[in-house]
Amino acid sequence: MKLQAKNKLWPLLPAVLFTAIMAGSGLWMAAIESFTSPLGIINTAAYTELLMNSSFQASFLYSMKITVISVTLSMIIGLLIVRSTYPLLQKKHLRLAAWIPMLFPHFVWGYMVYLLFSQSGWFSTLFFQAGFIESPEGFPEIMKSEGGAGIILTYLWKEVPFVILILLPVYQQLNMAKKEAVYTLGGSKWEAFKTVEWPVILPSLIEIFVILFSFIFAAYEVPALLGATYPKMISVLTFEWFYSGDWSRRPLAFADMITTAAAILICLFTVYMILNRQRERITKESTIENTGAVKGSKAIIFITIGLFLFPAVFVMFKSAALSWKWGHVLPDGFSVRSYMTLFQEPKLFEAVIQSAEIALWVIGLNLFIGTPAAKVLAHQSFRGKAAIETLLLTPIIVPALTIALGLHIVFIRAGLAGGMAGVVLIHMLPTLPYTIKVMRSGFERIGVKWEEQAKTLGAGSLSIFYRIFLPQLLPSIRSVIFLVCTISLSQYLLTALIGGGLVVTLASLFFPYFSSADDAMIASFSVLFALIPILIWLLFEGFIRLVTPYQKR
């Protein structure tokens with residue numbers, strides 16, 4: 001049976017309609033604003049001025065450099081770690097430890113990196129104690145440097161776990177018998193990698209590159225926190241133009257975001273056109289194989305987990321520190337003052353409950369809408385597929401501010417602004433593409449042969465999904481739950497814009513503390529941020545074990 005012999009595209013409809021309506025209306029409003037002058041005249045003056053603007057040119061090149069370096073190093077490091085440790089990462093506790101950085105929002109992790117590597121940070125203290133420097137000024141200025149070292153370091157620490165998250169299910173179900181055949185025939189490790197691994201992991205690597213490139217290029221929080229005053233990342237420059245108070249720069253800001261989004265969309269569409277045939281060939285040939293007795297590197301896994309755990313442990317110490325002066329390797333004393341102050345926050349309980357409720361709704365809707373769409377994209381070929389794939393990735397490619405500002409007007413008119421439903425919908429926008437990508441990779445690894453055999457024996461669609469697909473999709477489902485939960489919890493800008501201050505979440509409470517000088521309070525909030533995804537993940541893990549066949553109870 002051919003992959004495209006019988007197309008049933010209706011499962012794609014909910015995901016396509018949701019993305020088209022949400023992203024389309026937001027982009028349409030943004031595009032109109034970019035072509036409208038402050039006097040209400042429709043023209044292209046903003047685009048002409050933008051291309052001639054020296055700040056935009058410097059910002060674009062600087063953003064490109066930071067993004068390419070961050071993404072490339074994250075992919076290389078993540079791939080090497082997965083190849084060396086994936087048999088060990090089948091253990092739940094090691095896998096969870098490897099995902100520790102993903103528990104924290106990017107802006108929280110950026111602050112942790114600042115506490116460690118700034119001139120007054122902990123590593124500066126170590127250099128002082130070792131006699132290498134005599135004052136904080138003697139430590140290299142890593143944070144807020146023109147080279148963007150602090151930004152790159154933060155993204156490396158955050159995105160390597162994401163690479164592991166995406167590649168781990170691929171390697172756990174890789175056909176190791178083919179590698180052994182290459183070795184038996186006298187092939188080298190490089191030939192085994194090139195022949196067996198590379199064709200299978202290439203589609204996932206391309207998707208990782210596109211997702212990370214789009215996110216980092218347009219992200220705001222980390223560059224705003226750790227970036228230099230000049231040149232600025234493109235997102236920071238756009239934000240300043242938009243909120244500068246000079247209305248004449250509003251069209252310029254919209255033109256900036258639309259131009260950036262258009263360039264990324266064109267590149268993405270081209271990539272999908274080139275890769276689709278190869279992906280379909282891999283899917284048709286794919287079968288689930290046991291990884292066998294392959295051993296992982298214990299040294300690499302423990303070094304990796306140690307590096308991932310260290311900032312988290314450091315922030316826990318920071319949250320409980322009575323005081324921690326520069327030059328002291330350890331705190332001067334310990335206290336629960338920051339936690340007591342945090343728990344006295346009158347809106348904390350409301351924020352925790354609403355954040356968890358929003359996350360649960362977003363996870364459920366993502367799996368309900370994203371899973372059928374992922375199966376269609378993985379197992380069927382049809383005209384316009386590249387366009388559909390590009391559309392579904394639009395929310396994470398287009399700068400969030402572009403869509404959100406346009407949707408804000410739409411939601412006000414529809415009565416969704418200022419309520420839980422509106423916040424859930426806006427959180428679906430940056431999470432649904434990730435769900436589809438992760439679940440699609442899972443369906444591609446399983447292939448179509450199992451389904452064809454079951455249909456031959458008379459099994460129905462629901463029975464096939466429950467007994468064949470669901471047990472083999474568990475690694476992907478766990479990844480989706482973990483990823484969607486952390487993304488939802490970290491949404492400050494989208495929640496503030498659509499919630500209008502009426503929907504209180506942890507992120508909306510965190511920012512006022514973030515601007516304060518109390519490091520212990522910020523650290524205690526960071527610890528709380530990390531606990532919520534773990535609890536939600538454990539809740540879903542218990543539910544999965546109850547409803548999924550062939551699982552240990």
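Helices in these legends are DSSP runs of at least four residues, numbered from the N terminus, and they are shown here in a predicted model.

**View 1. Helix H8 and the glycine that comes after it.** Just after helix H8, glycine 186 takes a positive phi of about 90°. The helix itself spans residues 176-184, and its buried residues are Met176, Lys179 and Val182. Seen down the axis of H8, these buried residues fall within an arc of 110°, so they line one face of the helix. As background, an α-helix has 3.6 residues a turn, so residues three or four places apart point the same way. The buried residues of H8 pack against helix H3 (54-85) and helix H9 (189-218), whereas the face of H8 turned away from the buried side carries the exposed residues Ala177 and Thr184.

**View 2. The salt bridge between arginine 83 and glutamate 197.** The count of salt bridges in the model comes to two, and in the one shown here arginine 83 pairs with glutamate 197, with the closest N and O atoms 2.7 Å apart. The pair links distant parts of the chain, since arginine 83 belongs to helix H3 and glutamate 197 to helix H9, 114 residues apart. Arginine 83 counts as partly exposed, at 31% relative accessibility, while glutamate 197 is buried, with a relative accessible area of 1%.

**View 3. The salt bridge between arginine 440 and glutamate 389.** Here the side chains of arginine 440 and glutamate 389 meet at 2.5 Å, N to O. Arginine 440 lies in helix H18 (residues 420-446) and glutamate 389 in helix H16 (residues 385-397), so the pair ties together parts that are 51 residues apart in sequence. Arginine 440 counts as buried at 1% relative accessibility, and glutamate 389 likewise counts as buried, at 2%.

View 4. Aspartate 256 is found in helix H12, which covers residues 250-285. With a relative accessibility of 1%, aspartate 256 counts as buried, because the cut-off for a buried residue is under 20% relative accessible area. When residues up to four places away in sequence are not counted, aspartate 256 touches Leu50, Phe56, Ile234, Thr238 and Trp241.

**View 5. The surroundings of phenylalanine 215.** Phenylalanine 215 has its place in helix H9, and at 27% relative accessibility it counts as partly exposed. Leaving aside neighbours within four places in sequence, phenylalanine 215 is in contact with His106, Tyr155, Glu159, Ile396 and Tyr434. Phenylalanine 215 and valine 71 are 144 residues apart in sequence, and their C-alpha atoms are 10.0 Å apart in space.

**View 6. The largest nonpolar core and leucine 12.** The largest nonpolar core has 173 residues, of which Leu12, Phe104, Phe162 and Ile477 touch the most other members. Helix H7 (residues 149-172) gives the most to this core, contributing 15 residues. The core draws at least three residues from each of domain 1 (9-42 + 345-515) and domain 2 (56-285). Apart from neighbours within four places in sequence, leucine 12 is in contact with Ala373, Val376, Leu377, Phe382, Ile388 and Leu392. More generally, in soluble globular proteins, nonpolar side chains tend to be buried together.

Methods. Residues numbered from 1 in each chain as written. Predicted model: local features only at pLDDT ≥ 70, side-chain atom pairs only at ≥ 80, totals over all residues. Heavy atoms only, no water. Buried < 20%, exposed > 50% of the residue type's maximum accessible area, 1.4 Å probe, protein only. Helix = DSSP H or I, 4+ residues; strand = E, 2+ residues; numbered from the N terminus. Arc of directions from axis to C-beta. Contact = heavy atoms within 4.5 Å. Salt bridge = Lys/Arg side-chain N within 4 Å of Asp/Glu carboxyl O. Core = buried A, V, L, I, M, F, W, Y, C linked by side-chain atoms within 4.5 Å. Domains from an automatic or database assignment.
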